[in-house]
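The following note is meant to be read beside the structure. Please keep the model in view while working through the numbered points.

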Amino acid sequence: MELGKVCQAKIENQRKDQKKFMQHTLTFLGTSTSVGIPVIGCDCPRCLSTDPKVSRMRSSIVIASEEQTILVDAGPDLRHQALRHGLKEVDHVLYTHAHLDHIAGFDELRAFCWKRDDLLPLHGNPGCMEELQRIFAWAFAKTNTYKGYIRPEVHVFEGPFSLKSLEVTPIPVLHGSVQTSGFKFQTQSGTSIVYIPDVKVIPESSYPLIGQPDYLIIDCLREEFHPSHMSLSESLAVIEKVSPKRVLFTHISHEMDCEEVAKQLPEHISFSHDTLTIPFS
Ligand SMILES: [Zn+2]
Ligand SMILES: [Zn+2]
Ligand SMILES: [Zn+2]
């Protein structure tokens with residue numbers, strides 16, 4: 001066979017291989033810590049910046065494929081995030097924990113209930129689901145039958161579960177006094193993405209769940225110490241231990257000068273920004 005035809009055949013085969021696996025995208029809807037960037041009333045260089053990559057909404061991601069759309073956390077910026085990305089449908093909501101910067105968009109989830117006949121599945125660890133049902137008691141009440149309201153379906157996870165072709169492994173982490181989960185998403189081809197936006201300490205027992213992911217998306221609040229979030233040196237220590245192929249920092253404070261810090265980081269480590277999309281299969 002001529003060289004050109006061999007190359008063509010190779011490309012065709014690669015295409016066939018790729019087709020076997022579901023194509024997914026992970027999009028960062030928000031990448032900031034609880035107050036967002038700019039911070040109300042702050043005149044620091046980040047808060048005054050006009051660079052769209054410096055401005056950040058509250059942390060959340062969406063994983064989309066032909067078969068489903070999974071929203072991870074529903075914070076106070078959810079309405080703007082959904083409009084910005086043309087997010088029309090959500091099949092599952094996964095919660096990392098019940099801090100307000102991750103749950104305050106609860107009422108915006110109504111828009112994803114109007115078009116569906118069945119209930120909207122909300123997944124969280126036992127403590128998180130208990131908090132959600134306490135804070136938004138009206139939505140979980142048996143008397144909530146009106147179609148215009150959010151109609152949640154409670155899913156309490158205590159271990160790995162599947163959402164169609166995606167394997168989801170909750171990763172218990174320590175973040176202040178709140179029971180918090182990170183998530184590993186693994187595709188049928190073996191690609192894995194780990195998302196841990198709020199964490200201070202990863203217990204030894206959680207490292208086997210993380211494994212050696214293709215992408216590690218992890219909390220990196222600022223350079224200075226913080227009692228309930230990882231600072232840069234702590235995030236780098238986790239990276240050293242886990243050896244992921246690529247790292248993206250998230251849950252970032254306005255105190256972090258990402259542009260300057262990024263200059264000192266190895267090539268495979270960078271800061272995420274709102275609207276960044278990663279394709280994976
Ligand atoms: Zn948070
Ligand atoms: Zn500021
Ligand atoms: Zn938190």
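1. Two residues are in contact if their C-beta atoms, placed from the backbone, lie within 7 Å. Among the contacts in the chain with a separation of 6 or more, residues 24 or more positions apart account for 64%. The model is a predicted one, in which local features need pLDDT of at least 70 and side-chain atom pairs count only at pLDDT 80 or more, while totals for chains, interfaces and linings use all residues. Residues are numbered from 1 along each chain as its sequence is written, and chains are lettered from A and ligands numbered from 1 in the order in which they are written.

2. The chain holds 10 helices and 14 strands; helices (H or I, at least four residues) and strands (E, at least two) are DSSP runs, numbered from the N terminus. Its radius of gyration is 20 Å, close to the 19 Å that the globule rule gives for 281 residues, so the chain is as compact as a globular protein of that length. The radius is taken over C-alpha atoms, and the rule is 2.2 Å times the number of residues to the power 0.38. Along its principal axes, the C-alpha trace spans about 70 × 45 × 40 Å.

3. Burial is judged by counting neighbours: a residue is buried if 20 or more other C-beta atoms lie within 10 Å of its own, exposed if 12 or fewer, and partly exposed in between, with C-beta atoms placed from the backbone. By this count, 38% of the 281 residues of the chain are buried.

4. The largest nonpolar core has 56 residues, of which Ile61, Val93, Val194, Tyr195 and Ile218 touch the most other members. Such a core is a set of buried Ala, Val, Leu, Ile, Met, Phe, Trp, Tyr and Cys residues joined through C-beta atoms within 7 Å. In soluble globular proteins, nonpolar side chains tend to be buried together. Leaving aside residues up to four places away in sequence, Val194 touches residues including Ile171, Ile210, Tyr215 and Ile217.

5. Two strands pair if DSSP finds at least two bridges between them.

6. Phe161 has Val168 in strand 8 as its bridge partner. The two strands form a hairpin with 2 residues between them. Lys164, in the loop between strand 7 and strand 8, has a positive phi near 50° although it is a residue other than glycine. With 13 C-beta neighbours inside 10 Å, Lys164 is partly exposed.

7. Strand 8 is also antiparallel to strand 9 (residues 178-186), with 9 bridges between them. His175 stands opposite Val178 in strand 9. This hairpin too has 2 residues between its strands, and Gly176 takes a positive phi near 60°.

8. How many bridges join strand 11 and strand 12? The two strands pair in the parallel sense over 5 bridges, and Leu248 in strand 12 is the bridge partner of Ile217.

9. Which residues of helix 9 (residues 232-242) are buried? They include Glu234, Ser235 and Val238. These residues cover an arc of only 100° around the axis, which puts them on the same side of helix 9; the arc is that of the directions from the helix axis to the C-beta atoms. Strand 11 (215-219) and strand 12 (246-250) are among what covers them. The face turned away from the buried side carries the exposed residues Ser233, Ala237 and Glu240. Ser243, which follows helix 9, has a positive phi near 50°.

10. Two backbone details in loops deserve a check. Ile37 and Pro38 are joined by a cis peptide bond, with omega about 0°, and Pro38 belongs to the loop between strand 1 (24-30) and helix 2 (45-48). Asp73 has a positive phi of about 75° although it is not a glycine; Asp73 lies in the loop between strand 3 (69-72) and helix 3 (78-85). Asp73 is buried, with 27 other C-beta atoms within 10 Å.
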